Amino acid sequence: MKFTEDSDFNELISKFKDLSIAEKKQLTITEMKNLIAVLYTLNLQNNSNSKVLFNRELIDCNTENCSEEDFVEAMYVYLYSIKESLADFISCFVDDFKQ
Amino acid sequence: MIMMIDNISQNIHDGLAALNRDKVNQLTQLITEEKELGKKELLIKEKKQLFDDFIQQVINYIKENLTEQQMKEILTVLLNWYDDERKLYDDKYRSFAIESDTLYYLLHGLTSAISDKDFVSNTSEIYYKGVLDSNKFDRLIDTDHYFFSANNFYKQLLILSCCKDESLKKRLVQAEIKNKDFMNQFPNSPLFDDNILMEAVKDFFENHRNETESWNFYNELLRNESIPLNSRMKITDLYRMNFPEFYDLEKTNIYPFLVQDYDSAVKCILENNLHDIALNTFLIQCKLKGEDLIKLYNDERLINRLSPNIFMNEYIDGDTQYNILFHTLLKKYALDHNIMDKALLHANDDLIYSVLSHTDSLSYILQNQKFINEFIEKYFRFNHHKANTNAKILEIFKDVLTPEQMNVLFQPGRMPNDIYLPYYLNDKYCYKIFNVYHSEYNPNGVRDKVMDMQQVQNLIHRLYDDNNFLFKTFLPKIISDDIFQFDYKFISLISRYIELQENISQKINEGDSRLAKIGVENEFLTNLKSDPIKYQQWMVKAGYPIDHTAQGKPVDSRICGKTFIQMLKVINDIDPDYIIPYVSTFNKITTTDFWYDVFNDIHVEKEPATLFEQFVINVCQGLDINTITDDQWKILTKVILHDISSSIKNYYISVDMNSLQDVDTYDERRRKKLDDLFTKALNNKETEQAINIFLNKYYDMDINRAREIVETYGIDLDNVKDNQYRKSIDLIEKIKYVLSIKNLQELRNLYQNEIELSLEDTIIFNDSLTKIFGHAFSNSLTSFHDMIKIDNEQMKFPSSVRVYEVPDDFILLVHSTAAYGELQLIENNYKTSWNENDRTRNHGICCSVIANDYFGTAEINDVLLGFNSMSEASLLKSAPYDLFTSNDDVDITAAKKSRFFSPKNIINNTRHTHNEQSIERRELRSELRDKGITNLQPNYVVVYSDMDEKLRNKAIKCAEDFDIPIVYIDKERIVQNESDKIDAMIDQFYKTQDVSKRIDIFSDIYLKHENNRCGLLHDKEELQAKFSTNRIEKLIDNIVNQIIEDKNNTHDYQKYCDCVLKLVEILQREEDKFITCYDMGSHIAFNDIDVNQYIVKMYGEMDNQLNQARETKLTKIIATTQLNDRLVSQELHQIEVRTIENEILNFNNSEFYCGETKNHGLDHIERVTVLASMLGKREFPDNRHAQDLLRLSAELHDSGRENDERDYNHAQRGALLASKVLQDKLNNSEISQNDLHMIQFAIEYHEYDHLRDDNEENLQKLAEKYQISDVDFEYAKKIAQCLKDADALDRVRFHNKKATLDERRLITDAAHELIATAKELLQEYKDYEKNQFVIKILEKSKEQEEKHEEFKQSELKYKMKSKFEKVVNHLMNIVNNGISRNRDSIEGDINEIHRR
């Protein structure tokens, strides 16, 4: 695997590190939601029945002072949700390709 | 680490298991059971015994079975464990220690084994020598207070090893020489070696060149009697060699510890040629006793040089030596009153008593009238003494005083009434005074001879003229049925005294029918009968005697009586119960000396002092009062109400009343005047004045009265709202609101829309204030319905009484009958005594609220009576502390101000050994009065489970006499219950994750804990032990650590700030309660929590410079004050802050200040200097020289202090030190020698009492001492006075009455102007830490915001080149913003699920 570094990205991460943990959590959750939304929107173009995988653990991390545990659990759910949406997207893409 | 211990322990455990399997099994089973079943209480004792046996076996096992190598291993483990002890303070350790009992006890066993002498001597010396030689050695000694096991172990180890090794011993002594425990034991131990001690002391002196530190240490050594005298002499030599100058200065403090007898003392004094100050210091320190002391104090060579300060001799023994000293001084000073000041102020109860009971001292006292006057004056004026001591003093005086002296003693106001009234009212004593001693009142001087009526009248008139107090006190005793033979003038005279009226009225009522029978009609009765019926009805209903309002008599009684009648007419439709307290008010109007003076012919010509006086003088002469209309009477009533109010003098605004027409237009003219003044106040932006006018106009009260109402009744309104006095409560809230208004526009709007209170509303409002809380009482007290009837036989009560037990939660109102004096039973019956003893003349019954979480009452010496129902009007005074009430038949007065709370909150605010609720003794409920019940009757008698047999039997008798139930309180059960409740709350505390919620739970725990703790202050230790403050400290530690950890993890500074301020508020709220309840008496309770240390820690997280005692704060404070518009802000900007700070820091390096002290630390020095500078600007405008001298004096004024309390002669020492400190300035010609002397003069004078008669004389002496010329004298004096005032102004920091600022003691006019500024300045210092903390938080939060902004920019920058972003942007064009919409819908979905 080839890794590459990017100075702007390094700077972004360095600034991210300066933030408070609450902010970090909030930004990460927002990014996750954004990503799911992107995938969902893409999938909708191909399949009007497209769905997003959901689990109640997401609710806990929506509160202001969510614990470390709540946050990690939510991240795990988001990750699976993204994986499934990504699979939906890829399968559409593969179908097109097949066609 | 723990694993290592565990392993070794386990090995031993296994080894022992093999030795005694059964015991170990038993133990293991117990531990298992305990954990599973939670039977901790039951098992702990059994387990302890088992473990003790077990440990002994461990020791034996180790001794017998372990090899040297194994022992070394154990030592290694324990040593490492000790090293890690700090780490073990974390939660891991706690759970380890709490849950792992087995391990704990095993360790205990191990350490016991190792501290065993035989065991250690058998182990290798190499190991512990290694320990001692290693760099761990010093730390071991410094930290010896940590774990008892480690501590004992190392102590033993060290001492044993040191015995064997001289160099180690030396190191040990050097390291421990400042350890007091060590130094107390060392000289008597086998370790002791004089040479080693000397070497260690020498080493200390050489390495501690700071004179003060060495001096203090040196003094400690000299006072240490464990050290042989020879050694102490050697230490003296060592000190002299090292600090020759200091030694010389303070040599007088050294010798007292060395002298053994009178001869050596005199030799020491004379050989060293001690000057007067040194001599007296010597005597203060001197420890001689008995004959030696007598000889010393009576030595002709010394006696004329003694100063009053020798009363400070801490070695004076209460039994004899104080007397000797007193005796000597009395002789020497010929009863000089200055000596008396000192002696009496410094003496405690026991000393005073011992002096008085000493025949010689007493005879000296009794020889001198002036002395007695002084004594009584001083002793009782500053009366903080125990009641029983007062009683003892009276007992002594009673038998020995001459008539003249006795008369002096019984001057009005000399003693608290409750102390000496029993003597007055004791028949034997009363006659002794009256018939024997007061010869001038008893011309015949024969006790048994009955005086004729004329003699009695003459006697009473003379009493009336000479000693009003005696007159009032004795009159009821001598009034007999013969009163009707007195003339009207006389009855009129004595009737002015409301306290006599009931008595007189009773006689009149009794006499009426009898006199009618015999056909006697005197002038008084005729007049009485002509009074309006309604007036009589009201008076009778109110329980007050009938007044003697009549026609044809002096204008006073007619006008006042008429006013009263009109008053009743005005409020005719109000429920009679409402008006009862006002009957009392109006009775005062009609009867006090005040009105007598007003209407007395002699006084008619004088300048009217009040509005009503003005009316009487200008209008009433020759006026037919029948022409006065009802409306006019109403206005006059209103005016009188304000005339008799004490708080109106400055702020109640009225208009002139010079004719009857003026009365008609009074309201209208007053309204106009107020409107004009209001507009003027608005224009001048005088908020306080505007508020005062508002209150005057709409609520008919001035701002002082409004504040008094809010402070007294407005504290706990939220908890009493649910009652019928809602209207009054709303009005208090409104007054509170008006007082808090800062915005003039807001006030203007309110002024335009408010409605004026009517006279009737005002009266009802005033009347209802205490009733609001009286009502809350009647609703809160636990009734019999809530109690449980218990089995008499089982609880060993006779069947003749009903017995109830209190439920788990209860609130009772109780009265301890003999708390402040013995209860004498009349006819051996409690009920008869209650209704007929002398106390029935008092209004107030002193009660306390007790509850399941608070048991504090006044001392229980007889029975504890309980009340569960009474009229709402019965609550007279109330506070969560002792009010020190006293009764004078007429009224009840209190030394402290009332603060009314709901009963539950009385408990929550009582931080004193008991609270005080004064309940009206008269029965006020008309339905009971109609049945002939005139006194409030108790509802039950309280019996505590821990009362002794005597008190219990008294309670049973009392219950039988009254035919009321006993209420039984199983104190142990209730206390245990409370402790369990706290435990449950603590469980909840630890289960709660969120720290903010944890703080909320803590707040409840802390409150409950402190209630219980304070309520048991005078109780058994085992009960007190259940509320150990350690428990609270652990919780606070937990919170503090948690919020600091959260902050470090999250960088959420705002949350940190919120949590810190929330916790600090809780801690300070509790602290404030203690301050509010504080008094100097023996019933004092202290806050056990050191709030400041937590504040320092939490605030210090943001700025570790905060709370550094040796840091000056002025610059930062000035920066903060710029943010507000307080008075002090403007003042501060005019002083030379930089110079003050630099100088103080410079002087402070000399370590003269008690920097870490509470009362006289650097903060105090700064404030006094600032205030002195402000005074300097005012008193010496344009005189830079004076301002500089004043500033320097202020900076150094407390430099001579040695302690934080009353430190005699500190000013003198300060003046001396100033000459050293200012040497540089002198050398640089910044100040002249003359300037230095003026500074020293000012510093030394600041400790003088300037109100003493000999003040000028003292100033002159001081001026001579410092060679102040006559030309400079006034100049220097003024500087000194300014310094004294500046120091006095900072007294606003004290809470107790004796120490706080007494404005009357201020000398300069400017100081009076600066009182408000001084208060604000203090507040700024109080808020300093908090303000700096909040500023730091804001800075940090701002920093975080900036970081966030930087992140956003970096994010934007990266997103510009991110592939993902490009793809998404591309797609966005395709799907028309679908992304954001979908994100919203995802969030919406999540929220929807959350809602469901």
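1. B:Lys672 sits in helix H43 (residues 666-683) of chain B; helices here are DSSP runs of H or I with at least four residues, strands are runs of E with at least two, and both are numbered from the N terminus. B:Lys672 counts as exposed because 12 other C-beta atoms lie within 10 Å. The scale is as follows: a residue is buried if 20 or more other C-beta atoms lie within 10 Å of its own, exposed if 12 or fewer, and partly exposed in between, with C-beta atoms placed from the backbone. Between B:Lys672 and B:Val655, 17 residues apart along the chain, the C-alpha separation is 10.0 Å.

2. On provenance: this is a predicted model, in which local features need pLDDT of at least 70 and side-chain atom pairs count only at pLDDT 80 or more, while totals for chains, interfaces and linings use all residues. Residues are numbered from 1 along each chain as its sequence is written, and chains are lettered from A and ligands numbered from 1 in the order in which they are written.

3. The two chains in outline. Chain A has 4 helices and 0 strands, and its elements run α-α-α-α from the N terminus on. Of its 99 residues, 20% count as buried. Chain B has 72 helices and 11 strands, and buried residues make up 34% of its 1396 residues.

4. Contact range within each chain. Two residues are in contact if their C-beta atoms, placed from the backbone, lie within 7 Å. Among contacts in chain A between residues at least 6 apart in sequence, 61% join residues at least 24 apart. For chain B, among contacts between residues at least 6 apart in sequence, 73% join residues at least 24 apart.

5. A contact between the chains. Helix H1 (residues 7-18) of chain A and helix H70 (residues 1315-1361) of chain B have axes that come within 9 Å and cross at roughly 155°. That makes H1(A) roughly antiparallel to H70(B). Axes are lines fitted to C-alpha atoms, for helices over the stretch in contact, and angles run from 0 to 180 degrees between N-to-C directions. Angles under 35 degrees count as roughly parallel, over 145 as roughly antiparallel, 65 to 115 as roughly perpendicular and the rest as oblique. The crossing of H1(A) past H70(B) is left-handed, a term for the near helix being turned anticlockwise from the far one by less than a right angle, with right-handed used if clockwise.

6. Residues at that contact. From H1(A), A:Asp8, A:Phe9, A:Glu11, A:Leu12, A:Lys15, A:Phe16 and A:Asp18 take part, meeting B:Lys1347, B:Glu1350, B:Phe1351, B:Ser1354, B:Glu1355, B:Lys1357, B:Tyr1358 and B:Lys1361 of H70(B). By class, the contact of H1(A) with H70(B) holds 5 nonpolar, 1 polar and 9 charged residues. Ala, Val, Leu, Ile, Met, Phe, Trp, Tyr, Cys and Pro count as nonpolar, Asp, Glu, Lys and Arg as charged, and the others, Gly among them, as polar.

7. H57(B) has 25 residues and reaches 36 Å from its first C-alpha to its last, close to the 36 Å expected at 1.5 Å a residue; the expected span is 1.5 Å times one less than the number of residues.

8. Helix H63 (residues 1184-1196) and helix H66 (residues 1233-1245), both of chain B, pack at an angle of about 50° with their axes 9 Å apart. That makes H63(B) oblique to H66(B). H63(B) passes H66(B) in a right-handed crossing. B:Leu1189, B:Leu1192, B:Ser1193 and B:Leu1196 meet B:Asp1235, B:Met1238, B:Ile1239, B:Ala1242 and B:Ile1243.

9. B:Cys847 lies in strand E4 (residues 844-851) of chain B and is buried, with 25 other C-beta atoms within 10 Å. Leaving out residues up to four places away in sequence, B:Cys847 touches B:Leu813, B:Val814, B:His815, B:Phe867, B:Gln917 and B:Ile919.

10. Backbone points to check. Most residues other than glycine have a negative phi. B:Asn828, in the loop between strand E3 (811-816) and helix H49 (830-836) of chain B, has a positive phi near 50° and is exposed. B:Phe884, in the loop between strand E6 (875-879) and strand E7 (885-887) of chain B, has a positive phi near 55° and is partly exposed, with 18 C-beta neighbours inside 10 Å.
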